[in-house]
Amino acid sequence: MRVLPDNMARKRHHNTPSLLTTLLCMFFHVTLVSSDAIALLNFKASLRNDTALASWRKGPTPPCKANKANWVGIHCWQGKVRGLKLENMGLHGAVDVDSLLSLSSLRSISVMNNKLSGPLPEVRKLGALKSVYLSNNNFSGLVESDSFMGMTWLKKLHLANNHLTGNIPSSLTSLPKLLELRLEGNQFVGRIPDFQQKSFRSFNVSNNYLSGSIPPNLSRINASSFYGNDELCGYPLGQCKQTSVLSVVVVVIVLGLAIVSIGAVFFILNHRNQPPSSSVESPLPISNLQKRAGIKESDNQSRQGSPDHPGGGKAETPKLSFVRGDRERFDMQDLLKSSAEILGSGCFESSYKACLPSGQVMVVKRFKQMNNVGKEEFQDYMKRLGKLRHPNLLPLVAYYYRKEEKLLVSDYVHKGSLAVHLHGHQGLGLPSLDWATRLKIVKGIAKGLKHIYNELPSLIAPHGHLKSSNVLLDESLKPLLTDYSLIPVMNQEHAHELMVAYKSPEYTQHGRITKKTDVWSLGILILEILTGKFPASILQQGRGNIEEESPFSWVTMVVPEGWTDIDEVFDKEMAAGSKSSEGEMRKLLRIGLACCEGDVEKRWDFKEAFERIEELRENDGDDDFYTSYASEADIDSSRRISADFNLSTTGSVQIF
Ligand SMILES: Nc1ncnc2c1ncn2[C@@H]1O[C@H](COP(=O)(O)OP(=O)(O)OP(=O)(O)O)[C@@H](O)[C@H]1O
């Protein structure tokens, strides 16, 4: 609230309404003008010629009521603004992305066919967007390489027919979900970068100033998508001209000379920078990780070192033992002096994120209850775990052994855990995981488990601690299992008390775990993924009251017996926009329930569960306003779409 200077406050006093009126006005303002409305009104204020948005105004009519839009150009879902479709409205001015930041449910934005100008809007700030349509405007200027960095959810980006310059932004090349990219009719220069996406549903870079050869993975795209770039070559356009032998020789000689000179410079610098003697190293700064975690730096056991560690010569350094040969080494000192942040405290001790001076970001998980086996057996087992390699397993990188505590070190996974994406996404302003992503995650989890079952057949519960916080998601939302196969080294009483395997019905009822125990956990995880509800057994973990409630009560609560209505069971945010996949969702639910069969004898074994999951058909769900239109025709047909869209705002056509 702005505070008025004293004299102004006095001057206004005569004209101000009574306190009661003011309070009433404030009350009505707060209740009638939702935060979505405020955001939209600020957005409108940034536009020139906004007469087309006359229905956007303060007052008793909110932009959305449930799934119905009251304001023109708005798509609504559960009372929140889900999409903005402001096409062919003669809008001038710039797009004020900042004003839209509080629209937490916004997933699609289209301002195509207007006269908007200024630099490319910073859509990256709206990281949850799935579709961005800015084609046919007057946006201009350099597009920075990181303009789309972190837009993990972006499926469709249409920037055609503007005046954008610079290279095609490299941040586009690794967006995991990007399916449509329309950049035609701009002034992009340079080479087409190597897109990592396997295939595009729509791709067009024609009529720019691109040069060089077309990357091979784009060679299946229609040639017309590349036309109008005079210096572009390679399939599907004509072959690139062969460079003459002479020019190759010249390039080789120049490169050779450059390498020799760079080598010489490095040699000189290295020798200059070397400390005169290792004994005069400056004292280490106070360790952040050490300070936070209170990890002891020196003790007799740690000084013995490990044969695995190449830097074994430093007698005073506590040793980290690396279990993989393919990893850049760092030592315990690096780890201890790195800046650290607590990621969370699970059932065991806390986990820390540590940023090493080299730039590597690691996670250090501390265990005090890991004394089930002696030192040698422990080391052998860690080496065995280090040998597990699978795209869906987060590898153990190194460990630190002290009798009193162990540290397990792995890579930091930036997108965090599945638990956060299922239950904490709203607070973080992230979109809910769609059905297609959830199914891919379930398939990835099953594949990771299969690998552990194959590689560690002697373990009774090969994973033993499967839950949503132990499934991490990488940049492309691929699942990575963590904290797996630790039961053999855990103190048994702690394992019984804390680990998920011991929360299964066979343990709570008969005091045993079996090969099918992980299948129970997989079933619970599947139900959690489908319903979006957090399993009670995890909430109760470590509090010792699991026996008071049957392990089935959560299952019967989230999947009531004889359910028929999909809305009753499935996470609404997942089910919306995936109507065509309802059949597969139901199949997965049946798989989840079969895995949650209380009678171990009747419960599927892992092989059966895996095969059933593999059979599920993947289908990349789509939930923006162009779902029912061929995207190639988007721009041409925008008038038609707008007409349909107007119908939807009256409630007669449901697009979302
Ligand atoms: N390598 C990692 N990268 C990113 N986040 C991680 C990593 N390892 C763990 N986390 C996250 O850090 C938080 C704390 O993890 P931690 O393993 O200590 O506890 P937990 O998984 O909640 O429970 P438990 O101790 O039973 O495994 C969790 O949210 C977890 O998902």
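**Entry 1: a strand pair**

I started at alanine 354, which stands opposite methionine 362 in strand 21. I was reading a predicted model, and I kept that in mind throughout. Next I looked up how strand 20 and strand 21 pair. They run antiparallel, with five bridges between them. The two strands form a hairpin, and five residues lie between them.

**Entry 2: the neighbouring pair**

I then turned to strand 19 and strand 20. Six bridges join these two, again in the antiparallel sense. Serine 345 faces serine 350 of strand 20. A hairpin of four residues links strand 19 to strand 20.

**Entry 3: the ligand**

Which strands each supply at least two residues of the shell around the ligand? I found strand 19 (339-345), strand 20 (350-355) and strand 21 (361-367). The ligand is surrounded by 20 residues. The closest are Leu343, Gly344, Gly346, Ser351 and Ser417.

**Entry 4: helix 13 and helix 18**

I moved on to the helices. Helix 13 covers residues 517-531 and helix 18 covers residues 582-595. Their axes come within 7 Å and cross at roughly 145°. The crossing is left-handed. I listed who makes the contact. Helix 13 brings Val519, Trp520, Leu522, Gly523, Ile526, Leu527 and Leu530. Helix 18 brings Met585, Leu588, Leu589, Ile591, Gly592 and Cys595. I sorted these residues into 11 nonpolar and two polar, with no charged ones.

**Entry 5: helix 10 and helix 19**

I looked up another helix pair. The axes of helix 10 (residues 435-455) and helix 19 (residues 606-615) come within 10 Å, crossing at roughly 150°. This crossing is left-handed too. On the helix 10 side I noted Val442, Lys443, Ala446, Leu449, Lys450 and Tyr453. They meet Phe606, Phe610, Ile613 and Glu614 of helix 19. How many residues of this contact are charged? I counted three, beside seven nonpolar and no polar.

**Entry 6: the whole chain**

Last, I stepped back to the chain. I found 20 helices and 25 strands in the chain. Of its 656 residues, 39% count as buried.

How values were computed: Residues numbered from 1 in each chain as written. Predicted model: local features only at pLDDT ≥ 70, side-chain atom pairs only at ≥ 80, totals over all residues. Near = placed C-beta within 6 Å. Axes fitted to C-alpha atoms, helices over the stretch in contact; angles between N-to-C directions. Left-handed = near helix turned anticlockwise from the far one by under 90°. Contact = placed C-beta atoms within 7 Å. Nonpolar A, V, L, I, M, F, W, Y, C, P; charged D, E, K, R; others polar. Buried ≥ 20, exposed ≤ 12 C-beta atoms within 10 Å, placed from the backbone. Pairing = 2+ DSSP bridges.
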